[in-house]
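This briefing goes through one protein model by topic. Please keep the sequence and the coordinates open while reading.

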Amino acid sequence: MLLFGSIHAELKIGAPAPTFYAKTLENKSFFLSDSLKKNTNPFVFSFFATWCIPCRKEIPALDTIRTKFPTIDFYLINVSGLQQGKRVLKEDPILVKKLIQSLGTTMPVLMDKYGNAAQKYDALILPKLVVIDSGRIAYAHTGYEEGDEKKLIEILNELKANDD
């Protein structure tokens, strides 16, 4: 679903990953710039919203994949504060928690309260999946259909092989 039509960045494979700040659902600070300095493992980000039906299908698939790649850091990024026409789409952290619990995932959730990370990552349509390796965009995919996870597994296996 198209979220907003304002100025946004186009994500390019191989480009430096845009840094951002967000709070976790537990209200802890997350700075991507700090995480990139401390951690050499790849990251997988899935931008989602509670009202996004394809997101509800992608999250359990990601949770399954995550168990096969324990050295890769998976994060769900809840998108809020973006405009759709004249409406501003706000996400309620309580509803986000309920959704995450109902899906049975323990992946960490970052709250993109004002949609800044979504704008930097060109997350105009949800879900938006992004893989970061060595501080650069390694893969990006918009939307979700059953079977999309095969490409993600292929990408993660390639990254894993490159690290061996």
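The model is a predicted one. A search of the whole structure finds one disulfide, and the largest pocket holds about 210 Å³ of space.

**Strand β1 and its partners**

- β1 and β2 run antiparallel and are joined by three bridges.
- Within this pairing, Tyr21 has Phe31 of β2 as its bridge partner.
- The two strands β1 and β2 form a hairpin, with four residues between them.
- Asn27 is found in the loop between β1 and β2, and has a positive phi of about 70° although it is not a glycine.
- β1 also runs antiparallel to β7, to which two bridges join it.
- Opposite Lys23 stands Met111 in β7.

**Strands β8 and β9**

- β8 covers residues 128–133 and is joined to β9 by six bridges, the two strands running antiparallel.
- Ile132 has Ile137 in β9 as its bridge partner.
- The loop between α4 (116–120) and β8 contains Pro127.
- The peptide bond from Leu126 to Pro127 is cis, with omega near -5°.

**Largest pocket**

- The lining of the largest pocket consists of Tyr21, Ala22, Lys23, Thr24, Leu25, Asn27, Pro93, Met111, Asp112, Lys113, Tyr114 and Asn116.
- Two or more residues of this lining come from each of β1 (21–24) and β7.
- β1 gives the largest share, four residues.
- By residue class, the pocket lining has six nonpolar, three polar and three charged residues.
- Tyr21 is bridged to Phe31, Lys23 stands opposite Met111, and Asn27 is in the turn of the hairpin.

**Cavities**

- There are two cavities of 30 Å³ or more.
- The largest cavity holds about 50 Å³ of space.
- Its lining is made of Glu58, Leu62, Leu129, Tyr139, His141, Tyr144, Asp148, Glu149 and Leu152.
- The elements giving two or more residues to the lining of the largest cavity are α2 (53–68), β9 and α5 (149–163).
- This cavity lining divides into five nonpolar residues, one polar residue and three charged residues.

**Disulfide**

- Cys52 and Cys55 are joined by a disulfide, with an S to S distance of 2.3 Å.
- Why is the disulfide right-handed? The torsion about the S-S bond of Cys52 and Cys55 is about 80°, so the disulfide is right-handed.

Notes:
Residues are numbered from 1 along each chain as its sequence is written. This is a predicted model: local features need pLDDT of at least 70, side-chain atom pairs count only at pLDDT 80 or more; totals for chains, interfaces and linings use all residues. Side-chain values use heavy atoms; hydrogens and water are left out. Two strands pair if DSSP finds at least two bridges between them. On a 1 Å grid over the protein atoms alone, a cavity is a set of points where a 1.4 Å probe fits but cannot get out, and a pocket is an open set with protein on both sides within 12 Å along at least five of seven lines; lining residues have an atom within 4 Å of a point. Grid points are joined across faces, edges and corners, and a volume is the space filled by probe spheres set on the points. Ala, Val, Leu, Ile, Met, Phe, Trp, Tyr, Cys and Pro count as nonpolar, Asp, Glu, Lys and Arg as charged, and the others, Gly among them, as polar. A disulfide is a pair of cysteine sulfur atoms within 2.5 Å.
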